[in-house]
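Try each task before reading its solution.

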Amino acid sequence: MDLRGRTLLGGDRLQILLMFFHVMAQTVAEQEVENLSGLSTNPEKDIFVVRENGTTCLMAEFAAKFIVPYDVWASNYVDLITEQAEISLTRGAEVKGHCGHNESELEVFWVDHAYTLRMLFVKESHNTSKGPEATWNLNKVHFVYDSSEKTHFKAPVKVNKYIASSHHLSALVTPAGMSYECQAQQTISLASSDPQKTVTMILSAVHIQPFDIISDFVFSEEHKCPVDEQEQLEETLPLILGLILGLVIVITLVIYHIHHKMTANQVQIPRDRSQYKHMG
């Protein structure tokens, strides 16, 4: 009996020990989210940071605006007119986040939860001619809006909460281990649960990295969007052409100077035979 009792007691202790480690693992893996928008010099841009185990695992800086169509009554109260609400992501928003090996998520709430933005990022591996290459992208966007919110919606016909979602989205494609940066505006179309309505999401001043952050609060090397690269090329091209033109002018002047000096040092042979007697 003593041996059996000790065995049962040992089993209970093992179970308690396993439960203890499970709770500890949940505590260690606990994530915290911070809204650092106050640090931005751009009043329209928000900064969100998700940290896991005291280390940054997701960083996102961007300005976001949503163009939301909704119906109102015409002056005759018979016809419907479509108006547009322009809803910007404001500072002081609440934020939640989650970091995973292949999936990360950012969720933002503002104006007393009248609006919610949810962004899902995924990391994928592809086989190419150079071998397997990993990239990450913005895979899904959900925007929840409440048309009873009176700041942006003026007397809508239907007062309800709607959700606008992306379909087959693969945006902000970036090589793994790098951050995505784009100052130019980018638009994403979202199909609304309000019938026959499409919400337009406008992103700008974007700098995001949802995976593989090495240093705390520091983005990895930037992968710039094609629009920014083209604008940068357009800005630097006149400078490059100016430098090349200046170099050509300098080379031409040097060649002219050398040629002129060599010509001046040459002995002039008189064409008139009578002048030969004065030579020597």
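**Exercise 1. Which element gives the most to the lining of the largest pocket?**

Solution. This is a predicted model.
- Start with the lining: N42, E44, A63, A64, K65, S88, L89, Q185, I202 and S204.
- Next, keep the elements that give two or more residues; these are β3 and β13.
- β3 gives the most, with 3 residues.
- Sort the lining by type: 4 residues are nonpolar, 4 polar and 2 charged.
- The pocket volume is about 170 Å³.

**Exercise 2. Find how many cavities of 30 Å³ or more the whole structure holds, and describe the lining of the largest cavity.**

Solution. 
- Searching the whole structure gives 1 cavity of 30 Å³ or more.
- The largest cavity holds about 60 Å³ of space.
- Its lining consists of P69, Y70, D71, Y145, S147, F153, P156, V157, K158, Y162 and D194.
- Strand β3 (residues 55–73) supplies the largest share of this lining, 3 residues.
- By type, the lining has 7 nonpolar, 1 polar and 3 charged residues.

**Exercise 3. Is H207 buried or exposed, and which side chain does its own side chain join in a polar contact?**

Solution. 
- Locate H207 in strand β13 (residues 198–209).
- Its relative accessible area is 10%. Buried means under 20%, so H207 is buried.
- Now look for the partner: the side chains of H207 and S179 form a polar contact of 3.0 Å.
- Finally, list the neighbours. Leaving out residues up to four places away in sequence, H207 touches M59, A60, E61, S179, Y180, E181, F219 and E222.

Notes:
Residues are numbered from 1 along each chain as its sequence is written. This is a predicted model: local features need pLDDT of at least 70, side-chain atom pairs count only at pLDDT 80 or more; totals for chains, interfaces and linings use all residues. Side-chain values use heavy atoms; hydrogens and water are left out. Helices (H or I, at least four residues) and strands (E, at least two) are DSSP runs, numbered from the N terminus. Buried means under 20% relative accessible area, exposed over 50%, partly exposed in between (1.4 Å probe, protein chains only). A polar contact is a pair of N or O atoms within 3.5 Å; within protein, one must be able to donate a hydrogen and the other to accept it, and residues adjacent in sequence count only if both atoms are side-chain atoms. Contact means heavy atoms within 4.5 Å. On a 1 Å grid over the protein atoms alone, a cavity is a set of points where a 1.4 Å probe fits but cannot get out, and a pocket is an open set with protein on both sides within 12 Å along at least five of seven lines; lining residues have an atom within 4 Å of a point. Grid points are joined across faces, edges and corners, and a volume is the space filled by probe spheres set on the points. Ala, Val, Leu, Ile, Met, Phe, Trp, Tyr, Cys and Pro count as nonpolar, Asp, Glu, Lys and Arg as charged, and the others, Gly among them, as polar.
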